[in-house]
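This briefing concerns a single model and is arranged by topic.

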Amino acid sequence: MELKYIHLSELFGEPISAQKVEELADRLLDDPRFAKIADAAQGKKNIEKRAETLSWLYLLDGSIPCGAQVYYEKSGKPQSDGVFFSVSHSDGLCAIAIADGPIGLDIERLREFPSRESFAERYFSENERAAARDLVGFFGVWTKKEACFKKTGEWVDTSAESIETSELDLCGERYIVSICSK
């Protein structure tokens, strides 16, 4: 498994430069491997959403062999022929996990979440709520749930799952990263 990440400001400047977005779009979206998602990327009116799509394509670029296609499933999840990957964004950071089999990734920047107790009460199991008592625990459970959903398409109780979770310092911020690959 390979984890790659980049902050949008590294690719497009701060604030995001429309010219830099268009330059990367011209380079990536003319590539036949990305033809099936070019229309979706071109159709995004919001410059930040367009930059997010281009950022994960940029990270994925060297991992997709010639002749393979990247496309969106009916669920909206990006996929590729023969390459398994999962994409996540949080506050300008784009991350992608690339693996030999199905994989789910979620990343969240550690930040205050005032309604986290009511959120946990509504969406977390009793065991998950016990693990989510502080901010790091809360985002740990949340990223595990998201990563599992991205891999399986189902919301599961993550307290019994073996999911890799790490706290990382990336681009000057603290993030929780969870990867579901088993």
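This is a predicted model: local features need pLDDT of at least 70, side-chain atom pairs count only at pLDDT 80 or more; totals for chains, interfaces and linings use all residues.

Residues are numbered from 1 along each chain as its sequence is written, and side-chain values use heavy atoms, without hydrogens and water.

**Helix packing**
- Helix H2 (residues 18–29) and helix H4 (residues 47–60) have axes that come within 10 Å and cross at roughly 40°; helices here are DSSP runs (H or I) of at least four residues, and strands (E) of at least two.
- H2 is therefore oblique to H4, a class that excludes angles under 35 degrees, over 145 degrees and from 65 to 115 degrees.

**Backbone geometry**
- Most residues other than glycine have a negative phi, and most peptide bonds are trans.
- The peptide bond from Glu14 to Pro15 is cis, with omega near 0°, and Pro15 is in the loop between helix H1 (8–12) and H2.
- Asp91, in the loop between strand S4 (84–90) and strand S5 (93–99), has a positive phi of about 50°.
- Cys171, in the loop between strand S7 (164–170) and strand S8 (173–180), has a positive phi near 50°.
- Asp91 is partly exposed at 44% relative accessible area, and Cys171 is partly exposed at 40%; buried means under 20%, exposed over 50%, and partly exposed in between, with a 1.4 Å probe and protein chains only.

- Met1 lies before strand S1 (2–7) and counts as exposed at 54% relative accessibility.

Key
Axes are lines fitted to C-alpha atoms, for helices over the stretch in contact, and angles run from 0 to 180 degrees between N-to-C directions.
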